[in-house]
Amino acid sequence: MELNKIIEVTKGFLVEEFEVDEELILPDANLKETLDLDSLDYVDLVVVIEQNFGFKVQQEDFTDIHTFQDFYAYIEGKVGATAK
Amino acid sequence: MNRVVITGMGIYSCLGYNLDDVKNSLYTGKSGIGLEPIRKELGFRSALTALVEKPILKGLLPRRQRVGLPVHGEYAYLSTVEALKKAGVDQDWLNANEVGIIFGNDSCAEPTIRSVDTLREKGDTALIGSGAVFQAMNSTVSMNLSTIFQLTGINYTVSAACASGSHAIGMGYHMIKSGMQDMIVCGGAQEVNYHSMGSFDALQAFSIREDAPTKASRPFDRDRDGLIPSGGAATVVLESYDSAVKRGANILGEVVGYGFSSNGGHISQPTVEGPVRSLEKCLKDAGLLAKDIDYISAHATSTPVGDMCEAKALYEVFGEAKTLISSTKGMTGHECWMAGASEIVYSLLMMHNDFVAPNINLENPDEDAAKLNIAASTKEHKIDTFLSNSFGFGGTNSSLIIKKVQ
């Protein structure tokens with residue numbers, strides 16, 4: 001999957017599931033703060049990632065994900081994306 | 001002892017999704033019953049069910065508050081919003097005062113089944129999501145609504161089968177009467193989905209009159225063949241009389257009596273003696289006689305044995321008084337956990353609009369029902385005091401008496 005597609009899909013479920021304004025989803029923005037995530041929300045984030053990309057995130061993986069850019073890169077690594 | 005009054009009410013049922021629509025349905029004898037064909041595909045004996053739309057709460061509630069709500073919690077949210085509005089209570093008031101919640105609920109089948117389906121499919125509990133546990137607990141309604149409305153008083157759920165909603169109001173009545181609380185949000189909620197009704201269908205207790213859905217629920221009628229599963233939610237705001245007067249609230253009625261009993265016998269077979277004790281206890285609590293009751297909202301669900309036992313019990317206590325009776329379940333079907341609360345709302349609507357809703361489909365009363373004064377059609381009738389019956393599996397019985405405050 002191309003990185004652009006990963007970003008598009010990710011933004012799509014974040015806007016839909018987490019009701020965040022798409023304009024706030026910037027590469028350097030903080031994921032936790034922007035989405036206003038609490039511990040329960042991370043559980044749901046695991047679910048939507050599995051539904052959209054077909055792999056299971058380990059909760060501890062979120063420790064190293066700070067920005068949306070980190071998030072995209074993490075998904076890219078998991079799905080074997082081809083950056084464009 | 002405090003006097004206990006009702007200052008708010010709200011409803012989300014197959015008769016309508018607000019008080020005005022429900023009042024009109026009650027007056028015109030409109031049925032909320034239809035068919036859900038998938039039930040037959042799944043192996044149900046009957047596809048008959050009340051038709052209740054799933055609410056859309058996106059835009060009304062933030063995501064975190066929505067994900068823990070099962071569908072009957074969504075119904076209850078909307079009925080509670082309406083009840084609080086009717087009571088003139090806003091979020092600022094709830095934040096500044098200790099308000100409790102006691103709701104009747106006795107199942108959360110759909111979220112429980114969906115969670116297990118996901119687990120079996122995915123093989124990982126992490127993929128069930130965060131909302132399922134809060135949706136699947138029996139206390140889901142009181143749990144979620146206390147969070148959404150930030151309530152700080154008593155907070156629990158009453159599970160008492162099809163008398164849950166009635167007992168919830170009875171418990172709230174005692175909490176306020178004793179001075180432990182000044183205001184409690186009470187009610188009942190019931191899921192309508194096939195997940196919750198398959199095991200009930202297994203008992204062959206449902207009507208199979210599928211060729212005429214609106215004729216299928218026939219409380220007290222000789223040709224009844226079973227109940228129709230139904231659901232939704234109903235809320236009443238109970239408040240001490242002193243608090244209501246101090247707030248300048250519009251008082252919709254006073255809870256003056258609560259009676260209860262347990263049959264002490266079979267898990268599903270009703271008795272006459274159990275309901276008689278509940279009725280007599282309720283009258284005694286209210287300090288009233290049978291002749292003082294202007295209307296009885298019967299539990300009668302359209303099952304052959306249940307209706308017969310209630311008819312005998314009503315005749316024993318109210319036969320001489322010839323009290324006007326109807327069962328709204330001809331229109332609604334059996335709203336189960338919600339019924340004890342919704343039927344208080346229905347009766348309050350009748351009381352404030354001077355009519356008795358019809359016991360629709362009562363064409364040929366059976367031998368016991370024929371001895372009673374049952375309203376087969378809408379009656380213009382002044383109600384100052386009414387009694388509402390609710391009975392459930394396990395032999396749990398509950399009766400409430402509500403009186404108009406002049």
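Which domains does the domain assignment of chain B give? The legends below take up this question in a predicted model.

**Figure 1. The two domains of chain B.** The domain assignment divides chain B into domain 1, covering residues 4-247, and domain 2, covering residues 258-403. The centres of domain 1 of chain B and domain 2 of chain B, taken over C-alpha atoms, are separated by 21 Å.

**Figure 2. The overall fold of chain B.** Chain B contains 16 helices and 15 strands. Its radius of gyration is 20 Å, close to the 22 Å that the globule rule gives for 406 residues, so chain B is as compact as a globular protein of that length. The C-alpha trace of chain B spans about 60 × 55 × 40 Å along its principal axes.

**Figure 3. Burial and contacts within chain B.** Of the 406 residues in chain B, 59% count as buried. Among the contacts in chain B with a separation of 6 or more, 80% are made by residues 24 or more positions apart.

**Figure 4. The side of domain 1 that touches domain 2 in chain B.** In chain B, 59 residues of domain 1 are in contact with 57 residues of domain 2. At least two residues of this side of domain 1 of chain B are supplied by each of strand S1 (4-13), helix H1 (19-28), helix H9 (164-177), strand S6 (183-190) and strand S7 (232-240). H9(B) provides the largest share, with 8 residues. By residue type, the side of domain 1 of chain B that touches domain 2 of chain B comprises 29 nonpolar, 21 polar and 9 charged residues.

Note on methods. Residues are numbered from 1 along each chain as its sequence is written. Chains are lettered from A and ligands numbered from 1 in the order in which they are written. This is a predicted model: local features need pLDDT of at least 70, side-chain atom pairs count only at pLDDT 80 or more; totals for chains, interfaces and linings use all residues. Helices (H or I, at least four residues) and strands (E, at least two) are DSSP runs, numbered from the N terminus. The radius of gyration is taken over C-alpha atoms; the globule rule is 2.2 Å times the number of residues to the power 0.38. A residue is buried if 20 or more other C-beta atoms lie within 10 Å of its own, exposed if 12 or fewer, and partly exposed in between; C-beta atoms are placed from the backbone. Two residues are in contact if their C-beta atoms, placed from the backbone, lie within 7 Å. Domain bounds come from an automatic or database domain assignment. Ala, Val, Leu, Ile, Met, Phe, Trp, Tyr, Cys and Pro count as nonpolar, Asp, Glu, Lys and Arg as charged, and the others, Gly among them, as polar.
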